[in-house]
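Visitor: I have a new model on my screen. Can you walk me through it?
Guide: Gladly. Here it is.

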Amino acid sequence: MLAAMPPTPPTPPNPGEPPVRDRGDACPGALRLHAADDGRLARLRLPAGLLTARQVLTLASVAEELGDGRVSVTSRGNLELRGLGEGCGAELAGRLSGAGLLPSETHERVRNIVASPAAGLDGLGHGDVQLWARELDALLCARPWTAALSGRFLFALDDGRGDVAGLGGDVTLIAEGPSVRMRVGGRDVRVGAADAPRAALAAAGAFLDAARAAGNGAWRVRELPEGHKPDVAGALAGAGIVSEPVTAAEPPHAEPHAGPPAPGPLGATALHVLAPLGRLTAGQLRALAASGGEVRLTPWRGAVVTGLAGPGAVATRLRELDAHGLVTDPRSPWAGVGACTGRPGCAKSLADVRADATPGSGHRSGGLPVYFSGCERRCGHPHGAWVDVLATGDGTYLVNGVPTPRTALPDAVAAARVPTANTR
Ligand code: SF4
């Protein structure tokens, strides 16, 4: 039996949340700060994870001067600042805006777009999803009605390699060459590649219409009740976009299984590194920006650095980033290990999961991702199969449901990761 199966996402998604229609969308943003135990928290949406080198440097300074000196990369390739002071909201907004990181105050929380971060860099994939992400972001920010989307509604733009199509997008685009497969609520339609961003926008409109008709306050497509599926075909027709249904006779699209790119070189002019437990210090941010190229934060809590001069420059930069503590090798004990905020930053946490997750305790690299959670909400857990390490509050964890003392975690986690390696 496969050792690690993720918990089935419940609806509502987190235990203890009120019924869907009673929730308020309190999802934090760059302007709506969340009060955490370690200070205010800001979440900054970065479509496709994209940052210029100058923006990375701004974030390093902001983290040092207003926050706790670090940023957290989220499972959507967004970014969080923690430890912010009570009265820093206006200064934070001004500095982010000055760096071009807040193009719309009214829409800042709905710019949730993940895109294949290696698109255009390594010869894989079929579509320029990075360009689609920019177009879709501009469309989202330009229309007042899109501000009604929740801060959790997700667009996933996959260039055909299958790395982000499985990340649970509400609207997922999968490039197939001149055409694009668009998936909404388990139904697929095909549109032309040139129409992809507008088609995604139309699908979001169809979702909002369905949510209003359902009247249950759904934030996500999967929260719509039976009988209230979005009329995607109608929305596309209304937008003048030609589409064709993907018929039952057509072989089903293989569910993508591609994982994240391994840390290391990415083609001849780019590289990929991981942030240990998803956090980057101000110094690490400056190291990422040092070459002046574009930085793309990834949904696997890493960063792709582009614009390097060639393989020699890639190798040199990797050595420099390794010296700054970033994960540059898939054999690193940090690779594949994640953790939520835990104590002391989160009041709900039953343990200091980040301390317990440090790879110095001997967690085996390779195999399934492993994720440490301080409570049953399991914030930011990976998609697909993963090893679930859940704090229970008495010095004990549940490793895939099996009670395990903290001292026995390394062996238990290493054993739980093995079966996937055996099935590769
Ligand atoms: S999963 Fe972690 S970060 Fe999320 S509420 Fe629980 S303890 Fe806090």
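Visitor: Which way do β13 and β16 run, and how many bridges join them?
Guide: The two strands run antiparallel, and four bridges join them. β13 covers residues 270-274, and β16 covers residues 302-305. Keep in mind that this is a predicted model.

Visitor: What stands opposite Leu-271?
Guide: Val-305, in β16.

Visitor: What order do the strands of that sheet have?
Guide: The order is β3-β15-β16-β13-β12. That is an open sheet of five strands, with antiparallel pairing.

Visitor: Which strands stand at the edges?
Guide: β3 (50-51) and β12 (264-266). Each has a single partner strand, so one side of each has no neighbour in the sheet.

Visitor: Which helix lies across β12 and β13?
Guide: Helix α7, residues 311-323. It runs at about 20° to β13.

Visitor: Let's change topic. What order do the strands β17 to β21 have in their sheet?
Guide: They go β17-β18-β19-β20-β21. This open sheet has five strands, and its pairing is mixed. The edge strands are β17 (337-339) and β21 (402-405), and each pairs on one side only. On average, neighbouring strands here are turned by 25° against each other, direction ignored.

Visitor: How do β17 and β18 run, parallel or antiparallel?
Guide: Parallel, with three bridges between them. β18 spans residues 370-373.

Visitor: On to the ligand. Which residues surround it?
Guide: Cys-340, Thr-341, Cys-346, Lys-348, Ser-349, Gly-374, Cys-375, Arg-377, Arg-378 and Cys-379.

Visitor: How many of the shell are nonpolar, polar and charged?
Guide: Four are nonpolar, three are polar and three are charged.

Visitor: Now helices. At what angle do α3 and α4 pack?
Guide: At about 45°, with their axes 8 Å apart. That angle makes α3 oblique to α4. Their crossing is right-handed. α3 is residues 129-142, and α4 is residues 196-214.

Visitor: Which residues meet there, from α3 and α4?
Guide: α3 brings Trp-132, Glu-135, Leu-136, Leu-139 and Leu-140. α4 brings Ala-196, Pro-197, Arg-198, Ala-200 and Leu-201. By class, this contact of α3 with α4 has eight nonpolar residues, two charged and no polar ones.

Visitor: And α1 with α6, at what angle do they cross?
Guide: Roughly 170°, and their axes come within 9 Å. So α1 is roughly antiparallel to α6. Look for α1 at residues 53-66 and α6 at residues 282-289.

Visitor: Which residues of α1 and α6 meet?
Guide: From α1, they are Ala-53, Val-56, Leu-57, Leu-59, Ala-60, Ser-61 and Glu-64. From α6, they are Ala-282, Leu-285, Arg-286 and Ala-289. This contact of α1 with α6 divides into eight nonpolar, one polar and two charged residues.

Visitor: One last stop. What do β1 and β2 form?
Guide: A hairpin, with two residues between the strands. β1 (residues 34-36) and β2 (residues 39-44) run antiparallel, joined by three bridges. Ala-35 stands opposite Arg-40 in β2.

Visitor: Over how many bridges do β2 and β5 pair?
Guide: Four, in the antiparallel sense. β5 is residues 79-84. There, Leu-79 is the bridge partner of Leu-44.

Technical notes:
Residues numbered from 1 in each chain as written. Predicted model: local features only at pLDDT ≥ 70, side-chain atom pairs only at ≥ 80, totals over all residues. Heavy atoms only, no water. Axes fitted to C-alpha atoms, helices over the stretch in contact; angles between N-to-C directions. Parallel < 35°, antiparallel > 145°, perpendicular 65-115°, else oblique. Left-handed = near helix turned anticlockwise from the far one by under 90°. Contact = heavy atoms within 4.5 Å. Nonpolar A, V, L, I, M, F, W, Y, C, P; charged D, E, K, R; others polar. Near = heavy atom within 4 Å. Pairing = 2+ DSSP bridges.
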